[in-house]
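Hi,

Here is the structure I promised to hand over.

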Amino acid sequence: MSELKLKDLYDGFRDPATIRMLAAQIGEAAKALHEPLRIMEVCGGHTHTIMKYGLPQVLPDNIDFIHGPGCPVCIMPKERIDHAIALARMDDTILVTLGDMIRVPGSQSSLAVERAAGRDIRPLYTPMDALKIAKEHPDKKVIFFAIGFETTTPMTAALLHAAIAQKVTNLYFHINHVLVPPAIDAIMSDGQAKINAFIGPSHVSVITGAKIYAPLPQKYSTPVVVCGFEPVDVMQGILMAVRQQAEGRAELEIEYSRSVTMEGNVKAQQLIDMYLQPRSHFRWRGIGDIPDSALELKPEFAHLDAEKVFAEVLPTEPIDDHKLCICGTILKGLAKPMECKVFGTACTPNSPLGSCMVSSEGACNAYYRYAGVLG
Amino acid sequence: MCLSIPSKVVSVDREKNTAVVDTMGVKREAGLDLMEEGSVNVDDYVLIHIGFVMNKIDEEDALESLKVYHEILAKLDEEERSRVVLEDDNCENRGAP
Ligand code: SF4
Ligand code: SF4
């Protein structure tokens, strides 16, 4: 029992009877489709659920999943991780960040390797702990390497707010908060992926509201369903998307109404607006540069911005994944992991070559573990 | 993977702007910085993420999902249960889409 992981617990949400019932309803509704439904699940959490529960197997052939850009950990380009490493190597510095980021390889090292080599790198349980650490070590520079999509951004803003209010001057921020809608836009306007429906992740919308997807249905004639992570949620979301498509509708709908509203958490949004603004460019690991797809500190907080204050130690060269890696193609919905020549051989979860294998939410990682491709 | 186990508010400290919440028997403190003043009260159900209350959950929905979690977690001993709860709460990728 000691090896029990959250992911096993998740099994409890697999109610076979409900899933079968929903599969039957989807099968019925899908008969009315004029063309196959190619659904992109933007979030790695959804990819995981879909693979783990074998949902493609219970769905009709004219429904296909396209895996989206996934997880903040997967899409962090190597040069940003190199930033974290360079900052951690400075004298009298404590680098703090949230869990998984510590394992992710940069171009030559990772934060885990650096920590083993004696650098002061600490995982946080909550961003607020960064404030405590900064106060306990007034003689050190404490640098918060902030990651995450819209869901974790307000927590960073709350930390900024508290640090400024409490006049803590030795806490700096390296901001890597990325935004979902510009990524979707980039994939759709590229035009190759031929996606005709989306299921949107619920946690982002708890903060932003479902409204961030409002332009998509019209612009690309695609249904968007904001959806929870349990298998039953995903099946329900698919049913809603199929019905829309069959009836010729392209609308924004919320499946996960138990915590998502159109408006989201307005207080959290205001807090973000106080401190952060869109960044003109951010390179997504595997995908490349997407304009306005991330946030940065507003100019008036430049003195807290680790990218500005410590600019001279930060490498600037963009660094791509391994040449053989086709993550970019996968993330754009143009290939499946098994089509990669090194999938499961040179590239595995223990020694990932590309972003899609790095995080447990990545598409290659999910295929590796659940698709049974490797027996 | 985010399970999003609902937590129940046990007490609120207006001074510090924090709440103590109970998640399946595991108690911890969470910041109220993202919530409108006065909007979170004792006995409310909330969703926690990396040490903050993210939003409130309708009581009926919360009780429904808690029933499912209870069935699963009943099989674990205390230590495992608290680890699972904290791990969920700390799902660093929840920032994900
Ligand atoms: S298997 Fe590895 S190298 Fe191939 S696409 Fe996936 S992450 Fe990239
Ligand atoms: S880790 Fe993410 S990608 Fe994973 S379920 Fe949590 S929100 Fe989503």
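In the hairpin of E10(A) and E11(A) there are 3 residues between the strands, and A:Gly286 takes a positive phi near 90° there. Strands here (E, at least two residues) and helices (H or I, at least four) are DSSP runs numbered from the N terminus. E10 (residues 276-284) and E11 (residues 288-297) of chain A pair in the antiparallel sense over 8 bridges, with A:Asp289 as the bridge partner of A:Arg283. Two strands pair if DSSP finds at least two bridges between them.

This is a predicted model, where local features need pLDDT of at least 70, side-chain atom pairs count only at pLDDT 80 or more, and totals for chains, interfaces and linings use all residues. Residues are numbered from 1 along each chain as its sequence is written, chains are lettered from A and ligands numbered from 1 in the order in which they are written, and side-chain values use heavy atoms, leaving out hydrogens and water.

Then there's an open parallel sheet of 5 strands in chain A, ordered E2-E1-E7-E8-E9. Its edge strands are E2 (63-70) and E9 (252-254), each pairing on one side only. E1 (residues 37-43) and E7 (residues 197-201) of chain A share 3 parallel bridges, and A:Ile39 has A:Ala197 as its bridge partner in E7(A).

Finally, ligand 1: of the 13 residues around it, A:Cys325, A:Cys327, A:Cys340, A:Cys347 and A:Cys364 come nearest (near means a heavy atom within 4 Å). Helices H15 (327-331) and H16 (355-358) of chain A each supply at least two residues of that shell.

Cheers
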